Amino acid sequence: GNSLSTDQTGITSDIANIVIATTLNKAVDFDPSSKVTKLSPLWIQEAVVAKYSLSGKMQWAQKISLPKSDKTSARFVEIFDTEINDDGEILIYGGGSASRETEPNTSEPMHLFFMKFSPAGQQMRFLWLDEYMYLFHNLGRYFEIDSRGRLYATAESLTVPPFLLSRDL
């Protein structure tokens, strides 16, 4: 009943928090207590970021907002990796499109993205990255940010090496 996709879920923790970023394709209650925090996708697939204390108490949960999308936009979002940085900001690596049609490759292309949430759950930054092909390859996998603020991200692909991209943030 209340399951999440394990192949499209990022999980990370620091000394006080656990963060889950997951792909959402059905209604899910993110609050493990008797309270209900049920989030549902508006279209085929969206994504949610949820922050919990180490004891499992939910602090907040919210959907990822893609630029130029609204409640009527067809959205397809998937999550690949997440981290909490030294400032407590939540960093997300994913992919998607704000206006997918029902058939792959019939609308705007899918793009990898990097984004940041504040410790309180406010979406702070969104950066579209390279295009990728949904259902085939070029899926994002993991990211790392070095001490100079450069983003390195890996992806599965048939035609490019494992390091798909690097960007200065």
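Reader: Which residues in the largest nonpolar core touch the most other members?

Author: Those are Val-49, Ile-64, Ile-90, Ile-92, Phe-113, Met-115 and Phe-117, out of 16 residues in that core. A nonpolar core here is a set of buried Ala, Val, Leu, Ile, Met, Phe, Trp, Tyr and Cys residues joined through side-chain atoms within 4.5 Å. Buried means under 20% relative accessible area, exposed is over 50%, and partly exposed lies in between (1.4 Å probe, protein chains only). Keep in mind that this is a predicted model, where local features need pLDDT of at least 70 and side-chain atom pairs count only at pLDDT 80 or more, while totals for chains, interfaces and linings use all residues. Residues are numbered from 1 along each chain as its sequence is written, and side-chain values use heavy atoms, with hydrogens and water left out.

Reader: Ok, and which elements give two or more residues to this core?

Author: β2 (17-24), β5 (46-53), β7 (76-84), β8 (90-97) and β9 (110-117). Strands are DSSP runs (E, at least two residues; helices are H or I, at least four), numbered from the N terminus.

Reader: What does Ile-92 touch?

Author: Leaving aside residues up to four places away in sequence, the contacts of Ile-92 include Ala-21, Val-49, Ile-64, Phe-113 and Phe-143. Contact means heavy atoms within 4.5 Å.

Reader: Switching to charges: how many salt bridges does a search of the whole structure find?

Author: Three. The cut-off is a side-chain nitrogen of Lys or Arg within 4 Å of a carboxyl oxygen of Asp or Glu. Glu-46 pairs with Lys-63, with the closest N and O atoms 3.3 Å apart. That pair links distant parts of the chain, since Glu-46 is in strand β5 and Lys-63 in strand β6 (residues 58-63), 17 residues apart.

Reader: Is Glu-46 buried or exposed?

Author: Glu-46 is buried, at 2% relative accessible area, whereas Lys-63 is partly exposed at 23%. Also, the C-alpha atoms of Glu-46 and Phe-76 are separated by 5.7 Å, though the two are 30 residues apart along the chain. Phe-76 is in strand β7 and is buried too, at 5%.

Reader: Which residue does Glu-89 meet in a salt bridge?

Author: Lys-116, at 3.7 Å from N to O. Glu-89 counts as buried at 14%, and Lys-116 is buried at 18%.

Reader: And what about Asp-146 and Arg-148?

Author: Their side chains meet in a salt bridge at 2.8 Å, N to O. Asp-146 is partly exposed at 21%, while Arg-148 is exposed at 66%.
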